[in-house]
Structures are given as C-alpha cells and as structure tokens.
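Have a look at the picture first.

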Amino acid sequence: MSGSSLTSADLEFLGRPLHGLLSVAAGPVPAQPRPVWFEATEEGTVQLFTGPGTVKVRRLRRDPRASIVVVAPVGERERWVSVAGTVSVEVDGAHELAARLAARYWDLDDPTRAADLAGILAEEQVRLVIHPETVNRFAY
C-alpha cells in the first residue's frame with residue numbers, strides 16, 4: 001500500500017523506539033543505508049539529528065533526496081514503513097530532538113547513557129527533516 005502521507009497507524013508504529021535505515025541520494029554511488037534514531041511528527045514529517053559536517057549532510061546539500069525504512073523487530077508479524085522525499089537541514093531544534101530520542105531509546109538513569117547524551121549535547125547538531133513525497137507500507 002502506498003500514498004504520499006503518513007497515516008495514524010503509521011504514526012503509531014513509528015512512535016515506537018525502532019531503528020530506521022536512512023539512505024541519502026549520492027548520484028552514481030549506491031545507497032549506503034545507516035541505522036538512525038528518528039521521530040515521526042504530527043505534521044507528517046520524519047526527523048533525526050546529526051552533526052553538521054557528516055557525509056549525509058554534505059550529500060543532502062548536493063541532492064536533498066532521502067528515504068527511511070523502519071521495520072518491526074524479529075518475533076513480531078512482518079511490518080514496515082518506507083518514507084521517501086526531500087530533506088531540509090534545520091539548524092534549530094536538534095539538541096531538543098536528541099534529548100527526546102535519547103530518552104526514548106536509552107535508560108538515562110544509567111550514568112553511561114547519561115554521559116553519552118551529554119556528549120551529544122555538547123556538540124553542534126543539525127536536524128534533518130524528511131518531507132514525505134512517497135510513503136509505502138506493508139503489514140500482515
């Protein structure tokens with residue numbers, strides 16, 4: 001099933017602490033997906049954070065196309081959502097997003113994880129926002 005926007009069922013699924021596989025356009029270079037934390041927003045975008053000098057940001061500045069695929073874990077019925085579209089690189093909100101995602105994916109009562117988050121927040125970050133053009137999904 002496909003469309004151009006996220007459904008409420010998609011948002012519920014994407015609200016879980018699952019990893020997404022992000023692929024950015026790279027011209028003739030094959031896509032090299034990377035596991036990422038992400039957040040699906042009520043506005044229907046998908047956002048993540050990264051350092052401003054990363055390879056993905058450099059590639060997105062040349063070609064703003066990207067996709068993310070999120071898959072249910074082993075042991076659950078097969079389900080996935082794929083979102084493809086253009087990406088904006090935003091300088092605001094990245095640290096707040098990082099803190100929300102760290103709380104979602106990690107136990108921040110663990111001193112090691114709290115220190116990891118402090119390290120992320122000490123560095124410059126940007127927010128990548130995927131504006132969906134195509135959403136595909138599969139679920140049993």
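## The pocket

On a 1 Å grid over the protein atoms alone, a pocket is an open set of points where a 1.4 Å probe fits, with protein on both sides within 12 Å along at least five of seven lines; its lining residues have an atom within 4 Å of a point. This is a predicted model, where local features need pLDDT of at least 70 and side-chain atom pairs count only at 80 or more, while totals for chains, interfaces and linings use all residues. Residues are numbered from 1 along each chain as its sequence is written, and side-chain values use heavy atoms, leaving out hydrogens and water.

So who lines the largest pocket? You'll find H19, R34, P35, V36, W37, L48, F49, T50 and K56 there. Two elements, β3 (34-36) and β5 (46-50), each give two or more residues to that lining. Strands here are DSSP runs of E, at least two residues, and helices are runs of H or I, at least four, numbered from the N terminus.

The space inside the largest pocket is about 170 Å³, counted as what probe spheres set on the points fill.

## The whole fold

Zooming out, there are 4 helices and 8 strands, in the order β-α-β-β-β-β-α-β-β-α-α-β along the sequence. The radius of gyration is 15 Å, close to the 14 Å that the globule rule gives for 140 residues, so the protein is as compact as a globular protein of that length. That radius is taken over C-alpha atoms, and the rule is 2.2 Å times the number of residues to the power 0.38. Those C-alpha atoms fill a box of roughly 40 × 35 × 25 Å along the principal axes.
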